[in-house]
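Please brief me on the charged contacts, strand pairing, metal site and pocket of the structure shown below.

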Amino acid sequence: MTISKQQITQYQDAGFLVLEGFAEAEECDRLRARAEELVQEFDPAEVVSIFSTREQNRLTDDYFLTSGDKIRFFFEENAFNPDGSLKCEKEKSINKIGHALHDLDPVFDRFSRSEKVKDLAQAIGLEKPLLAQSMYIFKQPNIGGEVTCHQDSTFLYTEPIDIAGLWFALEDATRENGCLWAIPGGHRRGLKSRWLRTQDGRMAFETYDAEPWPEDELVPLEVSKGSLILLHGLVPHRSFENRSARSRHAYTLHLIGAKAKYPADNWLQRSTPFRSF
Ligand code: FE2
């Protein structure tokens, strides 16, 4: 798998790029099977954390904030009954697994550090890329929640901004099951906000531009299983709820340039340094 100069230009112009057929079907299936195993081994009683895209709910969520160097499980917001019990089985209730699958799990480690991922990182000009964060996203049938429009650099900030998101479709992603949408060229409009740790150890947004996103400019990125969507750290993107009967599994990996400064007030902090390929 090589990426052409034209594709790199396309990525720089739009802030995103779709690479169809980046991963083999077997690679996708291996990651899916491994995620399934991890969920099997996981006891939901350990956790009462509900992952919510409405940031308010996250603010005091220590389980989330200390997950940067762990493999942890986050539930869909709608997964629970009022009494706190799960509405359906855990396999159908998990929103995502994060955030160090790429370091701690051998199957995800191997895929994330494969030659083709390494070559790609180099091709798009990341300076000595480090693997910062990984997520396995389930986007469950019927209850898969929306992710509102955002820039990844709001949550994973470096100075200068030197970050790329790799979004691997492990299943076909369509409008019906909640594919990604992005604003072409939106990465040139600057960073709107940062989500950072404050002096008192809480999380808060620091806003630089309160103008709402021009969401009428969003375009759907419908892709087939095995596709990779590359996302610039500043490109605005989102996904809608999955109200269909089909899941929309994806694996995401975020790379940052080793020469960029990684601030101590980013939410994601680790006991061990980020590693490269
Ligand atoms: Fe994102």
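Which residue's side chain meets that of arginine 34 in a salt bridge at 2.6 Å, N to O? The partner is glutamate 37. The model is a predicted one, in which local features need pLDDT of at least 70, side-chain atom pairs count only at pLDDT 80 or more, and totals for chains, interfaces and linings use all residues. Residues are numbered from 1 along each chain as its sequence is written, and side-chain values use heavy atoms, with hydrogens and water left out.

**Salt bridges around arginine 34**

- The whole structure holds 20 salt bridges, a salt bridge being a side-chain nitrogen of Lys or Arg within 4 Å of a carboxyl oxygen of Asp or Glu.
- Arginine 34 and glutamate 37 are three residues apart, about one turn, in helix H2 (residues 25–41); helices (H or I, at least four residues) and strands (E, at least two) are DSSP runs, numbered from the N terminus.
- Arginine 34 counts as buried because its relative accessibility is 17%, where buried means under 20% relative accessible area, exposed over 50%, and partly exposed in between (1.4 Å probe, protein chains only).
- Glutamate 37, at 42% relative accessibility, counts as partly exposed.
- Arginine 34 also meets the side chain of aspartate 105 in a salt bridge, at 2.7 Å from N to O.
- This second pair links distant parts of the chain, 71 residues apart: arginine 34 is in helix H2, and aspartate 105 is in the loop between helix H4 (101–104) and helix H5 (106–112).
- Aspartate 105 counts as buried, since its relative accessibility is 1%.

**Salt bridges around aspartate 103**

- Aspartate 103 and arginine 275 form a salt bridge in which the closest N and O atoms are 3.2 Å apart.
- Here too distant parts of the chain are linked, 172 residues apart, with aspartate 103 in helix H4 and arginine 275 in the segment after strand E13 (250–257).
- Aspartate 103 counts as buried at 14% relative accessibility, whereas arginine 275 has a relative accessible area of 40% and is partly exposed.
- Through shared partners, salt bridges join Asp103, Asp109, Arg113, Arg270 and Arg275 into one network.

**Strand pairing**

- Strand E2 (residues 71–75) runs antiparallel to E3, joined to it by five bridges; two strands pair if DSSP finds at least two bridges between them.
- Strand E3 (residues 94–99) is mostly covered, with six of its six residues buried.
- Antiparallel pairing over four bridges connects E3 with strand E4 (residues 129–137).
- Lysine 96 in E3 stands opposite phenylalanine 74, and the bridge partner of lysine 96 in E4 is isoleucine 137.
- E4 is mostly covered as well, nine of its nine residues being buried.
- E4 also pairs with E13, in the antiparallel sense, over eight bridges.
- Glycine 257 in E13 stands opposite proline 129.

**Iron site**

- His150 (NE2), Asp152 (OD) and His237 (NE2) coordinate the iron ion at 2.2 Å; donors are N, O and S atoms within 2.8 Å of the metal (3.2 Å for Na, K and Ca), and water is not among the atoms, so sites may look incomplete.
- Along the chain, the donors follow the spacing H-x1-D-x84-H.
- Aspartate 152 lies in helix H7 (residues 152–155) and histidine 237 in strand E12 (residues 237–239), so the pair ties together parts that are 85 residues apart in sequence.
- Aspartate 152 is buried, with a relative accessible area of 9%, and histidine 237 is buried, with 4%.

**Second largest pocket**

- The volume of the second largest pocket is about 230 Å³.
- A pocket is defined on a 1 Å grid over the protein atoms alone as an open set of points where a 1.4 Å probe fits, with protein on both sides within 12 Å along at least five of seven lines, and lining residues have an atom within 4 Å of a point.
- Grid points are joined across faces, edges and corners, and a volume is the space filled by probe spheres set on the points.
- The second largest pocket is lined by 13 residues, of which Glu36, Glu91, Lys92, Phe138 and His249 are the closest to its centre.
- H2 gives the largest share of this lining, five residues.
- By class, the lining has five nonpolar, four polar and four charged residues, where Ala, Val, Leu, Ile, Met, Phe, Trp, Tyr, Cys and Pro count as nonpolar, Asp, Glu, Lys and Arg as charged, and the others, Gly among them, as polar.
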